[in-house]
Amino acid sequence: MTVPRFWRKIKNRYNIEGTKCKKCENTYFPPRNLCPTCRRDSDITDYKFDGKGKLITYTVIRTAGDSHQQETPYIIGIIELEEGTSFTSQIVNCEIDQIEIGMELEPVFRKISQESEEGLIYYGTKYQPVDQKTSN
């Protein structure tokens, strides 16, 4: 199997795919095999999130490791999706002085990192304010 095909096989790397309990309707990202609320009575199924959400909290990274130093300063936030789950993601297309807790966000597909000049490039989901046009 080629390396690009291997990475495409990881469903939640390129999509926001998790799981949902049919009994209590809680959603989870990353996917779970068992609902922590219902336990043995749970009925877990795959679930593809719409991806839209709001910013719960954030921090500005001003000093980063070597692989991300050229990106500083950048914003990392906790996004709560409309479906109820929350996770951490980088916020793009937003100036630091414009970021606000509670702002509406949408997912965008972006470069996450690169091993070297000739190495693998990793892509994934980042977030931007809903009113922004996709530019970088």
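## Surface and burial

The accessible surface of the chain comes to about 8,900 Å², and 46% of that belongs to carbon and sulfur atoms; such areas come from the Shrake-Rupley method with a 1.4 Å probe, and for residues only the protein chains shown count as cover. Of the 136 residues, 30% count as buried, where buried means under 20% relative accessible area, exposed over 50%, and partly exposed in between (1.4 Å probe, protein chains only).

A word on the model: it is predicted, so local features need pLDDT of at least 70 and side-chain atom pairs count only at pLDDT 80 or more, while totals for chains, interfaces and linings use all residues. Residues are numbered from 1 along each chain as its sequence is written, and side-chain values use heavy atoms, with hydrogens and water left out.

## Fold and contacts

An open sheet of 3 strands has the order 2-1-3 with antiparallel pairing; strands pair if DSSP finds at least two bridges between them. Strand 2 and strand 3 stand at the edges with a single partner strand each, so one side of each has no neighbour in the sheet.

Strand 1 (residues 17-21) and strand 3 run antiparallel and are joined by 5 bridges. If you want a spot to look at, Lys20 has Thr45 in strand 3 as its bridge partner.

## Aromatic pairs

A pair of aromatic rings is described by the distance of the centres and the angle of the planes. Here, rings of Phe, Tyr and Trp (its six-membered ring) pair if their centres lie within 6.5 Å; planes under 30 degrees apart count as stacked, over 60 as edge-to-face and the rest as tilted.

The structure holds 4 aromatic pairs. One of them, Phe29 with Phe87, is tilted, at 5.0 Å centre to centre and 45 degrees between the planes. This pair links distant parts of the chain, 58 residues apart: Phe29 lies in the loop between strand 2 (27-28) and strand 3 (44-48), and Phe87 in strand 6 (residues 86-91). Phe87 is buried, with a relative accessible area of 13%.

Tyr47 and Phe49 form an edge-to-face pair, 5.0 Å centre to centre with 80 degrees between the planes. Tyr47 is partly exposed at 22% relative accessibility, whereas Phe49 is buried at 4%. Together with Tyr127, the residues Phe29, Tyr47, Phe49 and Phe87 form one aromatic cluster.

Key
Helices (H or I, at least four residues) and strands (E, at least two) are DSSP runs, numbered from the N terminus.
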